[in-house]
Amino acid sequence: MTRPIPATRRRTRMALIALGATLALTLSGCVTAFFPEQPVATSVPTKENVAANLRPFYEQQLVWEKCNDDLQCTTAAAPMDWENPEDGEIELALVRQPATGTAIGSLLLNPGGPGGSGFDFVADSVDFATDERLQASYDVVGFDPRGVGRSTPVSCLEPEEMDEYLYGIAEAERGSDAWLAEVAASAQEFGDACAANTGDPLEFVTTVNAARDLDLLRALLGDEKLNYLGYSYGTFLGATYAELYPDKAGRLVLDGAIDPSSGIYEVNETQAKGFESALAAYLDNCIGSRDCPFSGTTEEALSVIGALMASVDQTPIRNTDGRMLGSNSLLTAIIYPLYSPEQGWPLLSEMLASVMNGSAEYAFSFADAYNGRNEDGSYADNSSEAFSAYNCRDYTYDADPARMAAEAAQLAEAAPVIGPYFGYGDIGCANWPYPDGAERKEITAEGAAPILVIGTTNDPATPYEWAESLAAQLESGVLVSYEGEGHTAYNKGSDCINSVVDDFLIDGIVPSSDPKCS
């Protein structure tokens, strides 16, 4: 059976760390081990005016343990259901690097996803997540949102079953009744497995609940207001927090913004066009260089890639491990290196050349890295499962075949290479065990302090227009543009962006106008 179309797949910056030279390490599943030692610190929570049934959660004290070099780890308890806190609790895993200078508070980070591990983001790559100025001024705190990683996780399939779900090939023709039935059956089996293996907490894996958890963590860390740096999906989490708790929103930076008012089709169309624009930018750079597998014009090269996608959709390429490379997996392999042009574009050339020569191995290495699959067939994390759990509750879906067919045609017209494989995504969540998805609407966060919204002008995953939209929606939104390529902008080589973000988070300096960094 095939996995539902990737649709709104937004991977974290964490997945792209050192994409080139350390790809082998990424695929090997090499992760940092943490060995707790004796308690080293206790966080005293702030006194909060909360309902009596929430006080046990807001009054708990975090006991930190040393866990690898200079890091500290702990676990907090949160209500499983914030509306009924007596019904049970979940765990939230945290890691922090204490400030290297005089701390002005805690800075909580979310790397994106949904499903990205903020714990690993800080533990494995604090220098990638933040620069030295922020590390000197803040205790940098990573956390796994509910459903993710070391927190109470979403759990669905065993590795072999996940392989079938992620990489399986539908036998029927794309878009046909038989194909729709096959995809729907796969999605139903996946959702049923998530419900059976996760249990009651699955119902409450939503961004609204994660934002409520975020407020709890703020209080337990001893901060009166939240200071926060969120990437990609993390911008939606941060904006949702500001909407729920505008008086508790301190200095928030939202990098690689998502438009909270966009429905699932609008997201798919905008992303399809974004990835196609990034693919064209790659080809503009590639054609004429020594190692480029394409010649002629960019438009001609896009046609070649489109024909390649159609070819593997009809006749998949067998990999050495027996898996078949179809259009879904090749699409994932193309998208993955577009997030990070400097490292990814040269590798994209090598991957596409290998597929055009009939080999699936390179493409699967990219798709596996994107999906968190290790070389031995195990999975490094539950990001794919958590991704589905959040998206199935954060949007509404309608799997009417006629409507999906019409939208699929619109996607193919909007983005002729990428668009044909972004359609029919509603199937994946239409029969989720908890189908009451959230209606998308604008977020204004009335009364909140200034919020920085960063947009990269040719960001493939979170297109620039989303940053423009979010900054306009927020009553106190401040747009900061990065004129360049790739996904997100902070700490990726722009001194201008770094200075704006650091000055805001450390000193509260708000740009008087869009600096339009490069």
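Asp213 counts as buried in this predicted model, because its relative accessibility is 3% and the cut-off for burial is under 20%. The side chain of Asp213 meets that of Arg146 in a salt bridge, with an N to O distance of 2.7 Å. This pair links distant parts of the chain, since Asp213 belongs to helix α7 whereas Arg146 sits in the loop between β6 (139-143) and α5 (159-167), 67 residues apart. Arg146 is likewise counted as buried, at 2% relative accessibility.

Glu48 lies in the loop between β1 (39-43) and α2 (55-58) and Arg218 in helix α7 (residues 207-220), so the pair ties together parts of the chain that are 170 residues apart in sequence. Arg218 has a relative accessibility of 0% and therefore counts as buried.

A further salt bridge joins Asp368 to Arg323, whose closest N and O atoms are 2.9 Å apart. Because Asp368 is in helix α13 (residues 361-371) and Arg323 in the loop between β9 (317-318) and β10 (324-325), this pair ties together parts that are 45 residues apart in sequence. Both Asp368 and Arg323 are buried, and they belong to a network of salt bridges that also includes Asp163, Asp321 and Arg373. Over the whole structure, a search finds 17 salt bridges.

The backbone has some features that deserve a careful look. Most residues other than glycine have a negative phi, and most peptide bonds are trans. Asn491, found in the loop between β12 and α18, has a positive phi of about 60° and counts as buried at 18% relative accessibility. Elsewhere, the peptide bond from Gly113 to Pro114 is cis, with omega near -5°, and Pro114 is found in the loop between β5 (106-110) and α3 (118-129).

On the surface, Glu86, Asp87, Asp200 and Glu203 gather in a patch of negative charge. Asp87, in the loop between β3 (72-79) and β4 (89-97), counts as exposed at 52% relative accessibility.

Turning to the overall fold, the secondary structure comes to 18 helices and twelve strands. The radius of gyration is 22 Å, close to the 24 Å that the globule rule gives for 518 residues, so the protein is as compact as a globular protein of that length. Buried residues make up 60% of the 518 residues.

Definitions and conventions: Residues are numbered from 1 along each chain as its sequence is written. This is a predicted model: local features need pLDDT of at least 70, side-chain atom pairs count only at pLDDT 80 or more; totals for chains, interfaces and linings use all residues. Side-chain values use heavy atoms; hydrogens and water are left out. Patches are made of residues with over 30% relative accessible area and no salt bridge: like charges are joined within 9 Å, nonpolar side chains (Val, Leu, Ile, Met, Phe, Trp, Tyr) within 5 Å. Accessible areas come from the Shrake-Rupley method with a 1.4 Å probe; for residues, only the protein chains shown count as cover. A salt bridge is a side-chain nitrogen of Lys or Arg within 4 Å of a carboxyl oxygen of Asp or Glu. Lys and Arg count as positive and Asp and Glu as negative; His and the chain ends are not counted. The place of a charge is taken as NZ of Lys, CZ of Arg, CG of Asp or CD of Glu. Helices (H or I, at least four residues) and strands (E, at least two) are DSSP runs, numbered from the N terminus. Buried means under 20% relative accessible area, exposed over 50%, partly exposed in between (1.4 Å probe, protein chains only). The radius of gyration is taken over C-alpha atoms; the globule rule is 2.2 Å times the number of residues to the power 0.38.
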